[in-house]
Amino acid sequence: MNKDVLKLLDLSSDDIILILDTADRLKAERKSGKKHDFPPGKTLAMIFAKNSTRTRVSFEAGISQLGGHGIFLASSDSQLGRGEPIKDTARVLSRYCDCIMIRTFDQEEVEELAKYSSVPVINGLTDFEHPCQVLADLMTIREHRGRLGGLKACFIGDGNNVANSIIAGCLKCGMDVSMACPDGYWPDQMTLDFAKGVTGSKFVMTYQPEIAAAGADVVFTDVWASMGQEVESEKRQKAFQGYQVNDSLLALANPGCMVQHCLPAHRGEEITEKVFEEHAGEIFDEAENRLHVQKAIMYLLMKNS
């Protein structure tokens, strides 16, 4: 693996499977009470420019379960909030900590942090990608279905960071991918260019949810207005009419189709209450698996550092 986990576009198929296999093992050890074989005393710096529930708690709990310690740094509480360059923060934190996780807006900020850091950097979320989330999705699908290759993943909604990561992660694991997004809300062009060059898996980009959902084994969705897009909420409500995951859409998918949602969910908007609750077991398995895949990433990046 590389020194850092910045986006799924950077990871090879073997890297992803290694993370998933490690996550499976760590999850089993956690459930059985077996101690993880991880050097004690490792320190994780956690930089948050965006608010969080799952990212903060899962990383902080994860490093603790590995026998280390997490340090929470909100931008407003650090010199980053007063204009310190990210490259200077990287060089300072590298001398204090064994790994840095950052949840922020710009992918370029994460890339610069990694460039100047001498310790591993993990992307906890940017506007471009959400790699940890989709690794948890892949872990959950594999748990429920026993495989990834040959399955069809479908995403309905905004072509955002989660959509970008689904394209990269699912295609690299041998899944077919179909996306339905309104005009003007398609995934990033870099990700679409990657998808065009993939062989062995099918990729379909469409405006029509019915086409995307046909024959799907797992349907993904996300909120229509992500964090920082609240001012666009009314505009997005109009643009995304018809892009709801509901019974009629799932009737087009394969029998037993899974549903995944990265949370928090806006019931009645991107997904109905009925569909959400019928698939709550899968959705909260997905949320739990954030903990296990992030532990796996930290384990692989820090075990020998």
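Author: Let us begin with a term: two strands are said to pair if DSSP finds at least two bridges between them. Please keep in mind that this is a predicted model.

Reader: How do you know that β3 and β4 pair?

Author: Strand β3, residues 99–103, and strand β4 are joined over four bridges, in the parallel sense. The definition asks for at least two bridges, so the two strands count as a pair. Within this pairing, isoleucine 100 stands opposite valine 121 in β4. Between the two strands the chain passes through helix α4, residues 107–116, and this β-α-β crossover is right-handed.

Reader: What makes a crossover right-handed?

Author: One looks with the strands pointing away from the viewer; if the path from the first strand over the helix to the second runs clockwise, the crossover is right-handed. The path from β3 through α4 to β4 is right-handed.

Reader: Which strands form the open sheet, and in what order?

Author: The sheet has four strands in the order β2-β1-β3-β4, with parallel pairing. β2 (69–74) and β4 stand at the edges; each has a single partner strand, so one side of each lacks a neighbour in the sheet. On average, neighbouring strands of this sheet are turned by 20° against each other, direction ignored. Strand β1, residues 43–48, pairs with β2 in the parallel sense over six bridges, and isoleucine 47 stands opposite leucine 73 in β2.

Reader: Which helices lie across β3 and β4?

Author: Helix α4 lies across β3 and β4 and runs at about 165° to β4. Helix α12, residues 280–302, lies across β1, β3 and β4, also at about 165° to β4.

Reader: Where is histidine 130, and is histidine 130 buried or exposed?

Author: Histidine 130 lies in the loop between β4 and α5 (131–145). Its relative accessible area is 5%, and the limit for buried is under 20%, so histidine 130 is buried. Its contacts include Thr55, Arg103, Gly124, Asn161 and Arg290.

Reader: How many residues of strand β4 are buried?

Author: Five of the five residues of β4, which spans 121–125, are buried, and the strand is mostly covered. For the protein, buried residues make up 56% of the 305 residues.

Reader: What makes the protein as compact as a globular protein of that length?

Author: The secondary structure comes to 12 helices and nine strands. The radius of gyration is 19 Å, close to the 19 Å that the globule rule gives for 305 residues, so the protein is as compact as a globular protein of that length. Its C-alpha atoms fill a box of roughly 55 × 45 × 35 Å, taken along the principal axes. Of the contacts with a separation of 6 or more, 75% are between residues 24 or more positions apart.

Technical notes
Residues are numbered from 1 along each chain as its sequence is written. This is a predicted model: local features need pLDDT of at least 70, side-chain atom pairs count only at pLDDT 80 or more; totals for chains, interfaces and linings use all residues. Side-chain values use heavy atoms; hydrogens and water are left out. Buried means under 20% relative accessible area, exposed over 50%, partly exposed in between (1.4 Å probe, protein chains only). The radius of gyration is taken over C-alpha atoms; the globule rule is 2.2 Å times the number of residues to the power 0.38. Contact means heavy atoms within 4.5 Å. Axes are lines fitted to C-alpha atoms, for helices over the stretch in contact, and angles run from 0 to 180 degrees between N-to-C directions. Lists of a residue's contacts leave out its neighbours within four places in sequence.
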